[in-house]
Amino acid sequence: MKLNPQDLAKIASVTLGHYNQRAEDFWRGTRDHDVSQNIAALLQWIEGEPPFAILDFGCGPGRDLKAFADLGHRAVGLEGAPEFAAMARAHSGCSVWQQDFLALDLPASHFDGIFANAALFHVPSQELPRVLRELKACLKPGGVLFASNPHGNNEEGWNGERYGAYHDLETWRRYVSGAGFVELTHYYRPAGLPREQQPWLASVWRRSV
């Protein structure tokens with residue numbers, strides 16, 4: 001079923017409203033999560049000499065944004081929920097752009113890497129090709145996209161007050177490669193567990209010229 005502009009506006013407003021109303025609880029529940037594996041997975045594939053220009057896409061309260069800054073990189077956050085954006089600025093000291101994922105305004109060929117940790121699954125499948133192309137366009141040629149999302153069997157819809165699309169690996173590959181990226185690697189998280197206990201699919205992609 002095709003989503004109309006009103007549907008898309010509702011998806012954005014209700015999902016962001018959910019996070020905005022629970023910002024403090026979300027921060028307390030996630031601030032100690034260890035995603036160093038994901039941060040390393042992005043940085044190891046970026047070519048050239050650091051520091052790198054990094055966009056933390058869907059930065060939330062700023063945990064990972066601060067980690068990139070502490071490593072010496074030029075990190076910028078992008079976040080749709082106003083409460084998260086304010087928290088991220090305060091926690092990281094970095095610039096944070098408040099933008100809806102479905103209405104991005106990004107500079108061209110600006111970033112060496114994009115870190116999209118637990119963010120892109122909120123983009124409806126209908127809009128995902130466009131959003132991925134916009135992310136590609138804001139990467140420098142050869143730049144790197146990291147994405148980690150809860151995977152599934154291509155279910156999509158509302159989970160309470162949050163909209164999500166839960167792709168399997170092959171479907172996710174079709175979307176990202178179709179937007180002009182080349183796969184570098186992928187893995188499931190948390191590491192060291194049976195696949196049925198690994199809800200997260202992480203993948204790393206290079207912008208094709």
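Reader: Where do Arg130 and Glu134 lie?

Author: In this predicted model, both residues belong to helix 6 (residues 128-138), where they are four residues apart, about one turn of the helix. An α-helix has 3.6 residues a turn, so residues three or four places apart point the same way.

Reader: What makes the contact of Arg130 and Glu134 a salt bridge?

Author: The term requires a side-chain nitrogen of Lys or Arg within 4 Å of a carboxyl oxygen of Asp or Glu. The side chains of Arg130 and Glu134 meet at 3.2 Å, N to O, and the pair is therefore a salt bridge.

Reader: Why is Arg130 called partly exposed?

Author: Buried means under 20% relative accessible area and exposed means over 50%, with partly exposed in between. Arg130 has 25% relative accessibility, so the residue counts as partly exposed. Glu134 also has a relative accessible area of 25%, and is therefore partly exposed.

Reader: How do you know that Arg173 and Glu183 form a salt bridge?

Author: Their side chains meet at 2.7 Å, N to O, and the limit is 4 Å. This pair links distant parts of the chain: Arg173 is in helix 7 (residues 169-178) and Glu183 in strand 8 (residues 181-189), 10 residues apart. Arg173 has 23% relative accessibility, so this residue is partly exposed. Glu183 is partly exposed because its relative accessible area is 26%.

Reader: Which residues do salt bridges with shared partners join into one network?

Author: Glu127, Arg130 and Glu134 are joined in this way. By the rule, the count of salt bridges comes to nine.

Reader: What makes Arg206 and Glu47 a salt bridge?

Author: The closest N and O atoms of Arg206 and Glu47 are 3.7 Å apart, which is within 4 Å. The two residues connect distant parts of the chain, with Arg206 in strand 9 and Glu47 in the loop between helix 3 (36-43) and strand 1 (53-57), 159 residues apart.

Reader: Is Arg206 buried or exposed?

Author: Arg206 has a relative accessible area of 16%, so the residue is buried. Glu47, at 56% relative accessibility, counts as exposed because the value is over 50%.

Reader: Why does His73 count as buried?

Author: His73 has 11% relative accessibility, and the cut-off is under 20%, so the residue is buried. His73 is placed in the loop between helix 4 (63-70) and strand 2 (74-79). Not counting residues up to four places away in sequence, His73 touches Leu43, Pro50, Pro51, Phe52, Ile54 and Phe68. A polar atom of the His73 side chain lies 3.0 Å from the backbone nitrogen of Phe52.

Reader: What joins Pro50 and Pro51?

Author: A cis peptide bond joins them, with omega about 10°. Pro51 lies in the loop between helix 3 and strand 1. Another cis peptide bond joins Arg189 and Pro190, with omega about -5°. Most residues other than glycine have a negative phi, and most peptide bonds are trans.

Reader: What is the phi of Ser109?

Author: Ser109 has a positive phi of about 50° although the residue is not a glycine. Ser109 is in the loop between strand 3 (95-98) and strand 4 (111-117). Phi of Asn154 is near 70°, again a positive value in a residue other than glycine.

Reader: Why is the span of helix 1 said to agree with expectation?

Author: At 1.5 Å a residue, the 17 residues of helix 1 (residues 5-21) should span 24 Å, and the end C-alpha atoms are 24 Å apart, so the values agree. At the start of helix 1, a side-chain oxygen of Asn4 comes within 2.9 Å of the backbone nitrogen of Gln6.

Reader: How many helices and strands does the protein chain have?

Author: The protein chain has seven helices and nine strands. Its radius of gyration is 16 Å, close to the 17 Å that the globule rule gives for 209 residues, so the chain is as compact as a globular protein of that length. Buried residues make up 52% of the 209 residues.

Definitions and conventions. Residues numbered from 1 in each chain as written. Predicted model: local features only at pLDDT ≥ 70, side-chain atom pairs only at ≥ 80, totals over all residues. Heavy atoms only, no water. Expected span 1.5 Å × (residues − 1). Polar contact = N/O pair within 3.5 Å; in protein donor to acceptor, adjacent residues only side chain to side chain. Buried < 20%, exposed > 50% of the residue type's maximum accessible area, 1.4 Å probe, protein only. Contact = heavy atoms within 4.5 Å. Rg over C-alpha atoms; globule rule 2.2 N^0.38 Å.
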